[in-house]
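User: Could we go through the salt bridges in this model?

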Amino acid sequence: MNDEHKIVQQVYAAKEDVQAADRLISTYIPFIKTETAKFLKRPPIEGHDDELSIAMIAFHEAINGYSRTRGAFLKYAALLIRSRLIDYSRMEQRHSRVVSLDAPTGEDDKTLGETLADKREPHEEMAARDATRSEIEELTRQMQEFGVSLSDVADNCPRQQRTLDACRKALQYAGATPELLNDLLRTKKLPIGPLAAGSGVERKTLERHRKYMVALLLIYTNGYEIIRGHLKQVMKGVAV
């Protein structure tokens, strides 16, 4: 009981302090790895398994979304990690072609998986991973200047198509209005009034999804090419 009370105190402190959140995540890396291993049915490999990164983001999300009414924190975090990993797995399945890697290619009895492995350049793959990690770290740092975290973006993402369409409309208007983007970077605040007036999107919609809008505008205006490429599959039609 005392241990659970201590964890709850740490979680509530982490809600208000980014450094405290980072320390809490570092402390519970073994827990995060264990929950990821349960999902993968094997230990996750750092720098290789995206699932571990998803689990860490989910743990951060659990910190921000936790309240005492949800019961034990670690149980809540474990459920959220599993939920996010399931979502990620389903997304990957939707975007992948259903081709068996065990299928023979007809070349020296090699399977498709072996053929792809032969053609893959390890140093290129490692460079791509390093570049992606660097972009995420830089984006996380920049968003902190605006009071936004990765878990905030996940929590603040529009859930209904109508709301998502409205946010897309506002993003398109902002992308075509340099003075709005300059105001965002200068004040570290979303210029909700001018954005609502110019885009025709209701002010309350922009206020409700402010952190989501800030993150997307930063991504689409600061050269995060890898992240932008990934988001194009989700935010189709946004020409920011």
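User: Let us start with Glu35: buried or exposed?
Analyst: Glu35 is buried, at 12% relative accessibility; buried means under 20% relative accessible area, exposed over 50%, and partly exposed in between, with a 1.4 Å probe and protein chains only. This is a predicted model, in which local features need pLDDT of at least 70, side-chain atom pairs count only at pLDDT 80 or more, and totals for chains, interfaces and linings use all residues. Residues are numbered from 1 along each chain as its sequence is written, and side-chain values use heavy atoms, with hydrogens and water left out.

User: Which side chain does Glu35 meet in a salt bridge?
Analyst: Its partner is Lys38, at 3.1 Å from N to O. A salt bridge here is a side-chain nitrogen of Lys or Arg within 4 Å of a carboxyl oxygen of Asp or Glu. Lys38 is exposed, at 53%.

User: Where do Lys38 and Glu35 lie?
Analyst: Both belong to helix α3 (residues 29–40), three residues apart, about one turn of the helix. Helices are DSSP runs of H or I with at least four residues, numbered from the N terminus.

User: Moving on, what does Arg203 form with Glu207?
Analyst: They form a salt bridge, with the closest N and O atoms 2.9 Å apart. Arg203 is partly exposed at 46% relative accessible area, and Glu207 is partly exposed at 41%.

Technical notes: Helices (H or I, at least four residues) and strands (E, at least two) are DSSP runs, numbered from the N terminus.
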